[in-house]
Amino acid sequence: MTRARQGSVDQQLNQANAAATYKVSRNDLPLHCPQPDSYLWNSHPKVYLPIEKTGEAKCPYCSATYELSDEA
């Protein structure tokens, strides 16, 4: 399932790295940062993060930590 890219001014999107840890599900794979529900104007370049083997990944740009969860 692919999420549509968002970002109009009137949408309530997340600030880049608004939280220290994000929970993601297998539906969010392949995982990348920033996430599709983040504003792009203040974000870093998209980077894909390998989370499948360990269940955790950290973004090298913004240090956001992602945890793979069945509950997300």
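Let me start with the contacts: among those in the protein with a separation of 6 or more, 49% are between residues 24 or more positions apart. Keep in mind that this is a predicted model.

Now the overall make-up. The protein has five strands and zero helices, and reading along the sequence gives the pattern β-β-β-β-β. There are 72 residues in the protein, and 35% of them count as buried. The accessible surface comes to about 5100 Å², with 50% of it belonging to carbon and sulfur atoms.

Three strands form an open sheet in the order 1-5-4, and the pairing is mixed. Strand 1, residues 21-24, and strand 4, residues 56-58, stand at the edges; each has a single partner strand, so one side of each is left without a neighbour in the sheet. From one strand to the next, the twist averages 20°.

How do strand 4 and strand 5 pair? They pair in the antiparallel sense, over three bridges, with strand 5 covering residues 65-68. As a general point, strands of a sheet pair through backbone hydrogen bonds, either parallel or antiparallel.

His44 lies between strand 2, residues 32-33, and strand 3, residues 47-48. Is His44 buried or exposed? His44 counts as buried, because its relative accessibility is 18% and the cut-off for buried is under 20%. Leaving out residues up to four places away in sequence, His44 touches Cys33, Pro34, Cys59, Tyr61 and Cys62.

Note on methods:
Residues numbered from 1 in each chain as written. Predicted model: local features only at pLDDT ≥ 70, side-chain atom pairs only at ≥ 80, totals over all residues. Heavy atoms only, no water. Helix = DSSP H or I, 4+ residues; strand = E, 2+ residues; numbered from the N terminus. Buried < 20%, exposed > 50% of the residue type's maximum accessible area, 1.4 Å probe, protein only. Contact = heavy atoms within 4.5 Å. Areas by Shrake-Rupley, 256 points an atom, 1.4 Å probe, with all protein chains shown as cover. Pairing = 2+ DSSP bridges. Axes fitted to C-alpha atoms, helices over the stretch in contact; angles between N-to-C directions.
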